[in-house]
Amino acid sequence: MEEKKLKLFFEGDNIATELIYDNLDYLQTSIENCDIVVSSKFEVGLYDTKEIQKRLNSYKKLNKIVLIFLVSDTIKTFKIPNNVILYRTSLYKSKKNKKELLLPYIWECYEKPEKPLPKTSLPKVGFCGNVNKNLGKRLTTIKALEQNKNIETDFILRKGFWAGKPNDEQLKMDYINNLIHSHFTICNRGRGNFAIRFYQALSLGRIPVLIDSDMVFPFEDEINWDEVIIKAKNEKELAEKIVFWWQNKSEEEVINAQLQCRKIYEKYLTAASFSKILEQTMLQKVSNFDGNEQSKNSFFQTFLNKIFK
């Protein structure tokens with residue numbers, strides 16, 4: 001029996017369509033015959049709240065399921081039409097709408113992991129990035145860790161994203177080398193309530209540490225993040241947790257913890273692995289769709305009740 005494929009209609013090209021083009025097994029069809037419309041109305045970095053809501057509203061009367069990727073730092077809440085599946089990179093757990101899902105930042109990570117670092121007398125915590133205006137409590141976290149005599153630190157402080165020079169190769173090398181040569185990396189939020197370096201650290205096989213700013217973590221129903229990363233409510237607690245963790249782990253456990261970070265990245269957070277999960281989820285939800293108008297409304301309700309339960 002031939003395996004069912006998703007029937008997709010693409011409005012145009014954007015970061016969502018590129019991901020699907022490269023990784024999903026689907027049939028491209030007309031908007032009339034599709035299972036899902038893949039939106040192209042949300043460019044990377046779109047931040048204007050009113051504009052985002054306007055574009056969401058444009059799908060209200062479309063009698064189709066719409067898949068949207070919002071790669072943005074915005075933390076605002078939105079009124080999401082019932083037929084929309086909104087994946088977004090930045091949101092608060094306490095304000096999460098039942099119609100929105102976390103979009104892991106699967107771009108700009110590293111293809112190959114680094115060799116795990118051995119356990120040393122002190123844990124080494126690194127950070128290279130923007131601390132201007134204590135963004136995401138990064139600067140106060142850095143100060144708290146520097147003041148703890150049981151932690152070795154390697155901090156490179158910038159006053160802007162890539163220090164305002166996105167094409168400077170030396171700045172990029174400083175950043176990646178800081179990640180590679182530290183057991184732990186500070187992954188506090190930035191402008192949005194997430195951190196790209198969180199995913200980059202995992203991809204390299206390094207352990208994220210962070211202040212939990214009411215974050216949603218990827219695949220929380222499957223991954224016990226408290227066993228993988230170190231997170232705390234404030235800066236002092238984070239420093240204490242790092243020290244406690246380090247002093248109660250053997251060298252083998254320190255190495256295995258780094259390997260586990262990479263394993264999670266490979267299983268869930270590469271473009272290919274995330275796409276596979278996305279495809280399986282969508283296929284499961286559209287399996288009862290028969291295309292006739294009478295069943296369509298029932299299908300939409302059943303689909304949305306299941307995916308946003």
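**View 1. Side-chain orientation along strand β10 (residues 207–211) of the predicted model.** Ile207, Val209 and Ile211 point one way from β10, whereas Pro208 and Leu210 point the other way, and all are buried (under 20% relative accessible area with a 1.4 Å probe, protein chains only; exposed is over 50%, partly exposed in between). In a regular strand, side chains alternate between the two faces of the sheet. Because five of the five residues of β10 are buried, the strand is largely enclosed by the rest of the structure. Strands (E, at least two residues) and helices (H or I, at least four) are DSSP runs, numbered from the N terminus.

**View 2. Pairing of β10 with strands β9 (residues 184–186) and β11 (residues 230–232).** Strands count as paired if DSSP finds at least two bridges between them. β9 and β10 run parallel and are joined by three bridges, with Phe184 opposite Ile207. From β9 the chain passes through helix α5 (residues 196–204) to β10 in a right-handed β-α-β crossover (clockwise from the first strand over the helix to the second, with the strands pointing away from the viewer). Three bridges also link β10 to β11 in the parallel sense, and Ala232 of β11 is the bridge partner of Ile211.

**View 3. The unit formed by β7, helix α3 (residues 138–146) and β8.** This β-α-β unit is right-handed. Its strands, β7 (residues 124–130) and β8 (residues 152–158), run parallel and share seven bridges; Gly129 has Leu157 in β8 as its bridge partner.

Residues are numbered from 1 along each chain as its sequence is written, and side-chain values use heavy atoms, without hydrogens or water. In this predicted model, local features need pLDDT of at least 70 and side-chain atom pairs count only at pLDDT 80 or more, while totals for chains, interfaces and linings use all residues.
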